[in-house]
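Please examine the sequence and the three-dimensional model shown below.

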Amino acid sequence: MPAVSKAVITKTLFDELEKVEGFPYNSEELYGFLKETDFKIPKKSENVRATSAYDCFLKENKSGKGFGDNSNLKDLWSSIKSDTDQLEKYQNIANEMNKKKGLVDSNNAKSSNAKLISQLISLKQEQSTLHGKLIENKPYFYGKKPHTSTNNYKQWKLNSLNLPPNHVLSKHILAQYKIDDHFDQKIYTSAQPWYNYISSHMTHI
């Protein structure tokens, strides 16, 4: 299973945030904020290779032959891939090794982004408090684009349905809601009830 380094996740997120119209911070400032959080990026080589479940299988089952001679293990590996419990065993070992290398499972990339955004939001709130600004208790928006018409519509709709901000509507249901609400991505003005919903009713970076 492919892995993504924390450094790549962070850089990608910061690059996207810089593109958001009206976003007040650049990448250099965001990295400065990051240093104040407990989100640490291990100082590893940029060419660190992720360990796979197959790598762990080979390490456990090789019998002194050259690394490239794995023909005798082909059938065994095929049977393991068909056994969910056995495959999970090797994948868990690989995941632990990748964590030690400073890599994260690609399936956890979104949760890592959410954690980073949450910490940056908290830091932003702390700074506002230090400057005497009153902080309202608002739900968090963990997305990267808080000013798009689509994201504002989604959050407005979730709130109108009494659903949490991180709830995911199926494509079919969302498409029907858009029809019912006459949503048009290209039309985004104060005439729509979802206009600037995220900035007005949620906390984001």
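The largest nonpolar core comprises 11 residues: Phe-141, Tyr-153, Trp-156, Leu-158, Leu-169, Leu-174, Phe-183, Trp-194, Tyr-197, Ile-198 and Met-202. A nonpolar core is here a set of buried Ala, Val, Leu, Ile, Met, Phe, Trp, Tyr and Cys residues joined through side-chain atoms within 4.5 Å; buried denotes under 20% relative accessible area, exposed over 50%, and partly exposed the range in between, with a 1.4 Å probe and protein chains only. Two or more residues of this core are given by each of α7 (149–160) and α9 (197–201), and α7 provides the largest share, 3 residues. A second, separate core has 9 residues, among them Cys-56, Phe-57, Leu-58 and Trp-77. Within the largest core, Leu-174 is in contact (heavy atoms within 4.5 Å) with Tyr-153, Lys-154 and Leu-169, when neighbours within four places in sequence are left aside.

The model is predicted: local features need pLDDT of at least 70 and side-chain atom pairs count only at pLDDT 80 or more, whereas totals for chains, interfaces and linings use all residues. Residues are numbered from 1 along each chain as its sequence is written, and side-chain values use heavy atoms, with hydrogens and water left out.

The protein chain contains 9 helices and 2 strands, which are DSSP runs numbered from the N terminus (helices H or I, at least four residues; strands E, at least two). Their order from the N terminus is β-α-α-α-α-α-β-α-α-α-α. Of the 205 residues in the protein chain, 34% are buried. Among contacts with a separation of 6 or more, 70% join residues 24 or more positions apart.

Helix α1 (residues 6–19) has 14 residues and spans 20 Å from its first C-alpha to its last, close to the 20 Å expected at 1.5 Å a residue; the expected span is 1.5 Å times one less than the number of residues. Its buried residues are Ile-9, Thr-10, Leu-13, Phe-14, Glu-16 and Leu-17. These residues lie on the same side of α1 because they cover an arc of only 160 degrees around the axis, taken from the directions from the helix axis to the C-beta atoms.

Most residues other than glycine have a negative phi. Asn-162, in the loop between α7 and α8 (171–180), has a positive phi near 60 degrees; Asn-162 is exposed, at 71% relative accessibility. His-182, in the loop between α8 and α9, has a positive phi near 55 degrees and is exposed, with a relative accessible area of 70%.
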